[in-house]
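These are my notebook entries on a single protein chain. I set down what I looked up, entry by entry.

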Amino acid sequence: MAEAGSFAEKVKQQADIVRVAGEYVRLKKTGKDFSGLCPFHQEKTPSFTVSPIKQIFYCFGCGKGGDVYNFVMDMEKCEFPEAVKLVAEKCGIAIPRPKERSPEERKENQQRSLLVEMHREAQSFFVKQLEGTLEGKAARAYLEDRGLDKETTARFGIGYAPSGGDALLRHLKQKYNEKLLVDSGLVSRDPSGRLFDRFRRRITFPISNESGKIVAFGGRALGDDQPKYLNSPETPIYSKSNVLYHMDRAKEGIRRQDFAILVEGYMDAIAVARVGISNVVASCGTSLAEPQIKLLGRFTRRVIVNYDPDAAGQTATERSLALLLEQDFEVRVLALPPVGSQKADPDLFIRERGAEEYLKLLKESPPYVDYLIARARKMDLSTGEGKLRAVNFLLPYVQKIPNRILRSEWATRIAQQLRLEEPVLRAALSKAATERRSEVKTRPELVGRAAKPVERRLIRMLAEAGGFQLELAQHLQNARLYHGLETEKIFAALVIASLSGEPVRAAEVAAALEERDRRLLFEILFEEANEPSWEEAMSCIEALQHRQAEQELAEVQRNIEANPPGQEMRGLLEKKQELMRRLAAAR
Ligand SMILES: [Zn+2]
């Protein structure tokens, strides 16, 4: 990953993993290492360990481990290049400006930054309209009526697009050319070629990308204008399937609490966020798209879906559920009870019942399967056909659960809850529970493997011995000493790394291993150990040779007992003699 001579490598050499991890975890010095409560899993006693000497971390509880970049990637749920940037920033290392590859690219970058700038100007224009005009006054009254006071309006950058039809256009025209204005999506062109404002007589909500730059607007009609909600079109800086409303401000809370609340619209997100529940995002009218789920997945795998209770909201809930399940999210559904005779969205519910009540229901919100079963039970279950419809409604979701055991548990529960006596339906359910198009592999047995001490010592020496790593690797390879060992793959990877002549980067070697080998390597790296010496290495190698000879001898003995024809038997007996000599000499 961090190639020699690269910027990433340079940053890694200067960065201190203890300092970086220390920003997220309270670390205490324990011996040579530091330890603390693991940020990646729930625990009461610290099993998260950081080594300042090796510049790696490992959690003995959940098995996460690696170098400073692995840590930041896991923590921030980001990709490698972003991790390098973050670590560089944390350590005060200047980041080289990326080279622009072609004139077209430079032009596109320029266009994008102009569009971002234009959105910033539109934003202050809309805010001024809300605050300082007569029309804006009516809009303010509407907002106040919805419980949005001045403070909230300011906090979420809510503004107003006047009804005139070209107010923003006239404002922006002074600075930007027509093409750019149309590209921004803030201005439209009618069939006759005339330009006009896209947003007219609407409350405006700035939509920011993940890093907090305004890239689009949502507009809610003030009167009965249709559509009720109007968003920016797709532009070079905005793709609606890539953006979640409020993500820029929610991500910290989502990471900290390890779950996100997913609501439908910006009004809902604002209603939830303004009462202090910050980990809320909105899919913005459309039902969830895969890139949005991927974005969310960088911060958490747990979601509570709280869509509107109307038919459209239910459909959106169910569609989103299917997508979230496919991406292996743990999903719960909050279906708010009606307020009086009104079906309640989060906005209405919090206004009428308060944040406390909302939080309570949030905590109690059931797993999605319970929600779906409740939906199915509302269908007519008195007839066989009705039950079949209910089962057919549920089956696709059951099939989307990646875990087979969970699937079969849910199948049983569905059968009980829907009182399915019909063998046909039960059979359909259990078939769905056993089948899945892309069966996920069961995790290999992770614990309970103890490599022999000699192997552990040699692995440790290969991973960090200063002076004699290369010789040791050559020795091990020439004598084929690690072949057939349980730790063979770890040895092989370390030997290859050592033979390159470069210092071994243990965390990178580990990253390329299978899970159980990866964990074992980290555990070995964090063991208490003396300074390695060539003498100790040699005695470990002798012990391995000895073990190898013993195993060979046992094998030869088995073959002899099978009593093969003369020629072969002679060969075996000679081999036995030689092995016994070797073993005797080693004693
Ligand atoms: Zn852990």
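**Entry 1: a loop residue**

Where is the place of Gln42? I found Gln42 in the loop between strand E2 (33-36) and strand E3 (48-51). I note at the outset that the model is predicted.

**Entry 2: backbone exceptions**

I next turned to backbone angles. Most residues other than glycine have a negative phi, and most peptide bonds are trans. Against that background I recorded the following cases.

- Gln55 is not a glycine, yet its phi is positive, at about 60 degrees. Gln55 is found in the loop between E3 and strand E4 (56-59), and at 22% relative accessibility it counts as partly exposed.
- Lys77, also a residue other than glycine, has a positive phi near 50 degrees. I located Lys77 in the loop between helix H3 (68-76) and helix H4 (80-90); its relative accessibility of 29% makes it partly exposed.
- Gln226 and Pro227 are joined by a cis peptide bond, with omega about -10 degrees. Pro227 lies in the loop between strand E10 (214-221) and E11.

**Entry 3: aromatic pairs**

How many aromatic pairs does a search of the whole structure find? The search returned 21. A pair of aromatic rings is described by the distance of the centres and the angle of the planes. I examined two of the pairs with both quantities.

Tyr229 and Tyr266 form an edge-to-face pair, 5.7 Å centre to centre with 70 degrees between the planes. Tyr229 belongs to strand E11 (residues 229-231) and Tyr266 to helix H11 (residues 266-274), so this pair ties together parts that are 37 residues apart in sequence. I compared the accessibility of the two partners: Tyr229 is partly exposed at 37%, whereas Tyr266 is buried at 3%.

Tyr482 and Phe491 form a stacked pair, 5.6 Å centre to centre with 15 degrees between the planes. Tyr482 has a relative accessible area of 6% and is buried; Phe491, at 0%, counts as buried too.

I also noted a cluster in which ring pairs link Tyr24, Phe40, Phe48, Phe57 and Phe71.

**Entry 4: charges over rings**

Which residue lies over the face of Phe40? I found Lys64 there, at 5.7 Å from the ring centre. Phe40 is one of the rings of the cluster in the previous entry. In a second case, the charged end of Lys54 sits over the ring of Phe526, 5.6 Å from its centre.

**Entry 5: helix H11**

I returned to H11, the helix that holds Tyr266. Eight of its nine residues are buried, so H11 is largely enclosed by the rest of the structure. The buried residues are Tyr266, Met267, Asp268, Ala269, Ile270, Ala271, Val272 and Ala273. Just after H11, Gly276 takes a positive phi of about 100 degrees.

**Entry 6: helix H5**

I checked the length of H5 (residues 103-132) against expectation. At 1.5 Å a residue, its 30 residues should span 44 Å, and the end C-alpha atoms are 43 Å apart, which agrees. I then listed its buried residues, among them Leu115, Met118, His119, Ala122, Phe125, Phe126 and Gln129. An α-helix has 3.6 residues a turn, so residues three or four places apart point the same way.

**Entry 7: helix packing**

At what angle do helix H20 (residues 453-464) and helix H22 (residues 488-499) pack? I recorded about 25 degrees, with the axes 10 Å apart. The two helices are therefore roughly parallel to each other, and H20 passes H22 in a left-handed crossing.

For helix H16 (residues 368-377) and helix H18 (residues 404-417) I recorded an angle of about 30 degrees and axes 11 Å apart. This angle makes H16 roughly parallel to H18, because angles under 35 degrees count as such. H16 passes H18 in a right-handed crossing.

Notes
Residues are numbered from 1 along each chain as its sequence is written. This is a predicted model: local features need pLDDT of at least 70, side-chain atom pairs count only at pLDDT 80 or more; totals for chains, interfaces and linings use all residues. Side-chain values use heavy atoms; hydrogens and water are left out. Helices (H or I, at least four residues) and strands (E, at least two) are DSSP runs, numbered from the N terminus. The expected span of a helix is 1.5 Å times one less than its number of residues. Buried means under 20% relative accessible area, exposed over 50%, partly exposed in between (1.4 Å probe, protein chains only). Rings of Phe, Tyr and Trp (its six-membered ring) pair if their centres lie within 6.5 Å; planes under 30 degrees apart count as stacked, over 60 as edge-to-face and the rest as tilted. A charge sits over a ring if NZ of Lys or CZ of Arg is within 6 Å of the ring centre and within 35 degrees of the ring normal. Axes are lines fitted to C-alpha atoms, for helices over the stretch in contact, and angles run from 0 to 180 degrees between N-to-C directions. Angles under 35 degrees count as roughly parallel, over 145 as roughly antiparallel, 65 to 115 as roughly perpendicular and the rest as oblique. A crossing is left-handed if the near helix is turned anticlockwise from the far one by less than a right angle, and right-handed if clockwise.
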